[in-house]
Amino acid sequence: MEKIKVLIVDDISETRDNLNRLLKLEEDIQVVGEAANGEQAVRKSEQLLPDIILMDINMPIMNGIAATEKISLNFPNIAVIMISVQGEAEYLKKAMMAGAREYLVKPFSADELNNTIKRTYDLERKRLGKMEGTKKLFGKQKDSKPQVITIFGTKGGVGKTTLAVNSSTLIAKKTKKKVVLVDLDLQFGDVSVFFNVSPKKSIAELVQERGQLNIELVESYLIPHISGVKILPAPMRPEYSELVTPNNVLEILTILRQNYDYVIIDTPPIFQDTNLSALDMSNQVLLVMNMDLPTVKNMKLSLELLDSLHHKAKTKLILNRASEDLGISAGDVENALDFLIAHQMPTDGKLVVTSVNKGIPFVLSNANAKVSKAVDQITNMVIEDTGYQKELMESKQKRKLFGKIFG
Ligand SMILES: Nc1ncnc2c1ncn2[C@@H]1O[C@H](COP(=O)(O)OP(=O)(O)OP(=O)(O)O)[C@@H](O)[C@H]1O
Ligand SMILES: [Mg+2]
């Protein structure tokens, strides 16, 4: 089931923590981010596209009413719930005029909070459903939400680019939709090498263009590959990476998301600002790891960090080069991390390396190889947007039960 995505806006961090804690207990609610004032709220709304915003009224820089007005104008699908204290009736009226859908008066109970969020969400869905119906009549229906997928991992050489290139290729092949692969490994990005294309311009030149970016301009920097995937190449030289700021990344990804069905992002193995921008914008994160002890230790810390940044719920863990002869098993890894592996990719040194050297994704040249079939399954998971912890847990339990009966 799809979770209700909530953005928390309050200038007091303790209040945000409290709300976070209350909402963490709810299975069908996912906090996707926090903001400390109205201005941040407007920005984060655009990046995160939450379903619901819990909005404080009195905040510095831009108050909750001004922010609500902006958000409800620009993103009519996002429902704002105002949070106020007793005696702010006049403000509340203004907030409702500004477009807030509901309000909560402090102090409120966890139940009141959850019920208000769920009720507001349901009403909003109904309203949108009606609007979609009308749109359909006029033939303007856009078929599905764009998917922004970051391929991440905190160790070098674990297979992020290999997965990014091959899964993008398969997504394009299977869906026949618009797919773009952004090489955000700004220092040593090698997506173009994997695809055997030689770009003359890169993201570093794109961000130096003057004035507001638009899709025509961004499009002129994309390199089409015969697979159907378009590529936004990384800078030609490592030192140019500094030209690209986190805000540039947000701006580019926002434009791509509006114009492509799948935006896939390859990243370097660090928690740096530009990566964080990509993670913020993503609705799926594929976390790639290998099976050695330092990686497991790294991964444990990374998962904790991803959790504190509100990204853990959208994370799916991929174990690359999985094989049992390294002294630890996939089950050991899951136990150590307290996180289930969504998919595994086998080792196939010969095929994977020749494919890079030839510049042809192995899912095209050797579709029947084991490693290609593994990428095929991962691709299906991305397209269907499945593979989350809860689903994995359920299927694992089912498998256990099955084993008991038939094993
Ligand atoms: N399943 C696999 N079997 C065999 N070799 C693999 C496999 N996956 C990746 N490799 C090889 O491992 C090397 C690193 O892969 P890749 O470049 O995809 O990793 P990465 O995580 O993107 O690295 P970096 O952090 O440096 O960007 C490459 O030489 C690749 O061919
Ligand atoms: Mg890489």
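The protein is divided into domain 1 (4-137) and domain 2 (147-406), with bounds that come from an automatic or database domain assignment. This is a predicted model, in which local features need pLDDT of at least 70 and side-chain atom pairs count only at pLDDT 80 or more, while totals for chains, interfaces and linings use all residues. Residues are numbered from 1 along each chain as its sequence is written, and chains are lettered from A and ligands numbered from 1 in the order in which they are written.

**How the two domains meet**

- The C-alpha centres of domain 1 and domain 2 lie 31 Å apart, and seven residues of domain 1 are in contact with six residues of domain 2, where contact is defined by C-beta atoms, placed from the backbone, that lie within 7 Å.
- On the side of domain 1 that touches domain 2, the elements that give two or more residues are β2 and α2, and β2 gives the most, with four residues; helices (H or I, at least four residues) and strands (E, at least two) are DSSP runs, numbered from the N terminus.
- The residues on that side of domain 1 divide into three nonpolar, three polar and one charged, where Ala, Val, Leu, Ile, Met, Phe, Trp, Tyr, Cys and Pro count as nonpolar, Asp, Glu, Lys and Arg as charged, and the others, Gly among them, as polar.

- Five strands form an open sheet in the order β2-β1-β3-β4-β5, with parallel pairing, and two strands are taken to pair if DSSP finds at least two bridges between them.
- The edge strands, each of which pairs on one side only, are β2 (29-35) and β5 (102-106), and the twist from one strand to the next averages 25 degrees.
- Strand β1 (residues 4-9) is joined to β2 by six bridges, and the two run parallel; Ile4 has Ile29 as its bridge partner in β2.
- Helix α2 (residues 38-48) lies across β1, β2 and β3 (52-56) and runs at about 140 degrees to β2, whereas helix α3 (residues 64-74) lies across β1, β3 and β4 (79-85) and runs at about 155 degrees to β3; the axes are lines fitted to C-alpha atoms, for helices over the stretch in contact, and the angles run from 0 to 180 degrees between N-to-C directions.

**Helix α2 and the residue that follows**

- Within α2, Gly38, Ala41, Val42, Lys44, Ser45 and Leu48 are buried, a residue being buried if 20 or more other C-beta atoms lie within 10 Å of its own, exposed if 12 or fewer, and partly exposed in between, with C-beta atoms placed from the backbone.
- The cover over these buried residues of α2 includes β1, β2, β3, α3 and α11 (273-281).
- Just after α2, Leu49 takes a positive phi of about 40 degrees; Leu49 is in the loop between α2 and β3 and is partly exposed, with 19 other C-beta atoms within 10 Å.
- Leu49 and Val6 are 43 residues apart along the chain, and their C-alpha atoms are separated by 9.2 Å.

**Nonpolar cores**

- The largest nonpolar core has 68 residues, and those with the most contacts inside it are Ile151, Val180, Val263, Ile264 and Ile318; such a core is a set of buried Ala, Val, Leu, Ile, Met, Phe, Trp, Tyr and Cys residues joined through C-beta atoms within 7 Å.
- A second, separate core of 32 residues includes Ile4, Ile71, Ile83 and Ala95.
- Ile264 touches Ile149, Ile151, Ala164, Ser168, Val179 and Leu181, when residues up to four places away in sequence are not counted.
- Met299, found in helix α12 (residues 293-308), counts as buried with 24 C-beta neighbours inside 10 Å, and its contacts, leaving aside neighbours within four places in sequence, are Thr154, Met289 and Leu337.
- Met299 and Thr154 are 145 residues apart in sequence and 6.9 Å apart in space, C-alpha to C-alpha.

**Backbone features to check**

- Most residues other than glycine have a negative phi, and most peptide bonds are trans.
- The peptide bond from Lys106 to Pro107 is cis, with omega near -5 degrees, and Pro107 lies in the loop between β5 and α5 (110-137).
- Lys176, which is not a glycine, has a positive phi of about 55 degrees; Lys176 sits in the loop between α6 (160-175) and β7 (179-183) and is exposed, with 10 other C-beta atoms within 10 Å.
- Asn196 has a positive phi near 55 degrees and lies in the loop between α7 (191-195) and α8 (203-206), where Asn196 counts as partly exposed with 13 C-beta neighbours inside 10 Å.
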